[in-house]
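Student: Could you walk me through this one? I'd like to jump between a few spots as we go.

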Amino acid sequence: TLANGRPYLLHFENVTHLRVCGVQLRNSPAWTVHPLNCVDVLIEDVSICNPYNSPNTDGINPESCRDVRILNCRVDVGDDCITLKSGTEETPSPVPCENIVIANCLLVHGHGGIVIGSEMSGGVEDVQIWDCDFANSLYGIEIKATPKRGGYVRGVTVRDCTAPRVILHSVSYNDDGEPAPEPPKFSHCWFEGLTLTGRTLDHDHIWQDAAPIEIVGFDCHGGEIEDITFKDITITKESAELKLSLIHI
């Protein structure tokens with residue numbers, strides 16, 4: 001359970017060949033589906049609905065898992081829809097989260113549509129995301145960590161999705177222990193064929209304008225964000241449409 005005592009709805013730990021398919025899940029007290037240290041995970045045709053104003057009611061949160069497929073799911077929640085995690089700086093020997101596929105998902109409402117972090121001290125690597133719609137989220141595609149968390153996010157590819165924005169940045173919350181010896185490292189991310197609306201749906205379900213792309217590195221040596229590519233990006237506004245053929249950072 002979380003520190004505030006609210007339990008997860010489905011929690012699986014140290015499971016191989018995990019299958020969660022064809023179910024409807026409603027009104028979770030906290031995270032809805034939480035595989036931890038699992039291998040070969042399939043989450044398919046799952047419908048999740050939690051109240052929009054309920055904090056920490058994330059939809060699907062694979063943590064320190066390997067070989068995960070999240071397919072054809074519908075998620076409507078009060079926090080992040082799908083989040084990839086791998087422990088914090090207080091986790092003994094955190095395990096990476098790697099080889100993840102997220103495809104053909106409708107993420108109806110949520111703070112983040114698809115989020116990596118902020119608990120990612122073990123690292124997150126080899127993530128493939130395609131054909132997902134999370135236009136009605138607050139943060140869209142978000143990769144985040146705290147400056148002292150350590151770990152890495154690399155090898156992320158996002159294609160043919162609709163989102164309000166793409167964000168890679170530092171956050172000030174969720175500092176759990178002594179700083180890691182090195183800052184987090186974000187690198188080798190590829191975004192292609194995205195439609196970014198630049199309009200976010202906030203906590204009160206009010207539309208707000210936002211920067212479609214936001215990249216902010218960590219303000220310390222070694223904290224630079226590297227090798228980020230945007231290709232064939234369409235940025236839409238009510239009054240104009242902008243197409244970006246190629247940006248490499």
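Tutor: Before we start, a strand here is a DSSP run of E with at least two residues, and strands are numbered from the N terminus. By that numbering D232 lies in strand β22, which covers residues 226-236. Please keep in mind that this is a predicted model.

Student: What is the phi of D232?

Tutor: D232 has a positive phi of about 55 degrees, although D232 is not a glycine. Most residues other than glycine have a negative phi.

Student: Still on the backbone, which residues does a cis peptide bond join?

Tutor: The cis bond joins G117 and S118, with omega at about 0 degrees. S118 belongs to the loop between β11 and β12 (124-130). Most peptide bonds are trans.

Student: Changing topic: how many disulfides does a search of the whole structure find?

Tutor: The search finds zero. For C49, the closest cysteine sulfur is in C81, and at 11 Å it is too far away for a bond, because a disulfide needs the two sulfur atoms within 2.5 Å. C81 is in no disulfide either, the nearest cysteine sulfur being that of C105, 9.7 Å away.

Student: Is C81 buried or exposed?

Tutor: C81 counts as buried, at 0% relative accessibility, whereas C49 counts as partly exposed at 27%.

Student: OK, D80 then. Where is it found, and what does its side chain reach?

Tutor: D80 is found in the loop between β8 (74-76) and β9 (82-84), and D80 is buried, with a relative accessible area of 6%. Its side chain reaches the backbone nitrogen of G112 at 2.8 Å. Setting aside residues up to four places away in sequence, D80 touches D58, G59, H111, G112, V115 and K144.

Student: What about S86? Which loop does it lie in?

Tutor: S86 lies in the loop between β9 and β10 (97-103), and S86 is buried, with a relative accessible area of 0%. Apart from neighbours within four places in sequence, its contacts include E63, S64, P94, E119, M120 and V124.

Student: And the place of P212?

Tutor: P212 is in the loop between β20 (207-209) and β21 (213-215), and P212 counts as buried at 16% relative accessibility. Beyond neighbours within four places in sequence, P212 is in contact with P164, R165, V166, L196, G198 and I235.

Student: Which residues line the largest cavity?

Tutor: The lining residues are Y52, V77, G78, H109, G110, H111, N136, L138, L201, D202, H203 and H205. Strand β11 (residues 106-116) gives the largest share of that lining, with three residues. By class, the lining has four nonpolar, seven polar and one charged residues.

Note on methods. Residues are numbered from 1 along each chain as its sequence is written. This is a predicted model: local features need pLDDT of at least 70, side-chain atom pairs count only at pLDDT 80 or more; totals for chains, interfaces and linings use all residues. Side-chain values use heavy atoms; hydrogens and water are left out. Buried means under 20% relative accessible area, exposed over 50%, partly exposed in between (1.4 Å probe, protein chains only). On a 1 Å grid over the protein atoms alone, a cavity is a set of points where a 1.4 Å probe fits but cannot get out, and a pocket is an open set with protein on both sides within 12 Å along at least five of seven lines; lining residues have an atom within 4 Å of a point. Helices (H or I, at least four residues) and strands (E, at least two) are DSSP runs, numbered from the N terminus. Ala, Val, Leu, Ile, Met, Phe, Trp, Tyr, Cys and Pro count as nonpolar, Asp, Glu, Lys and Arg as charged, and the others, Gly among them, as polar. Contact means heavy atoms within 4.5 Å. A polar contact is a pair of N or O atoms within 3.5 Å; within protein, one must be able to donate a hydrogen and the other to accept it, and residues adjacent in sequence count only if both atoms are side-chain atoms.
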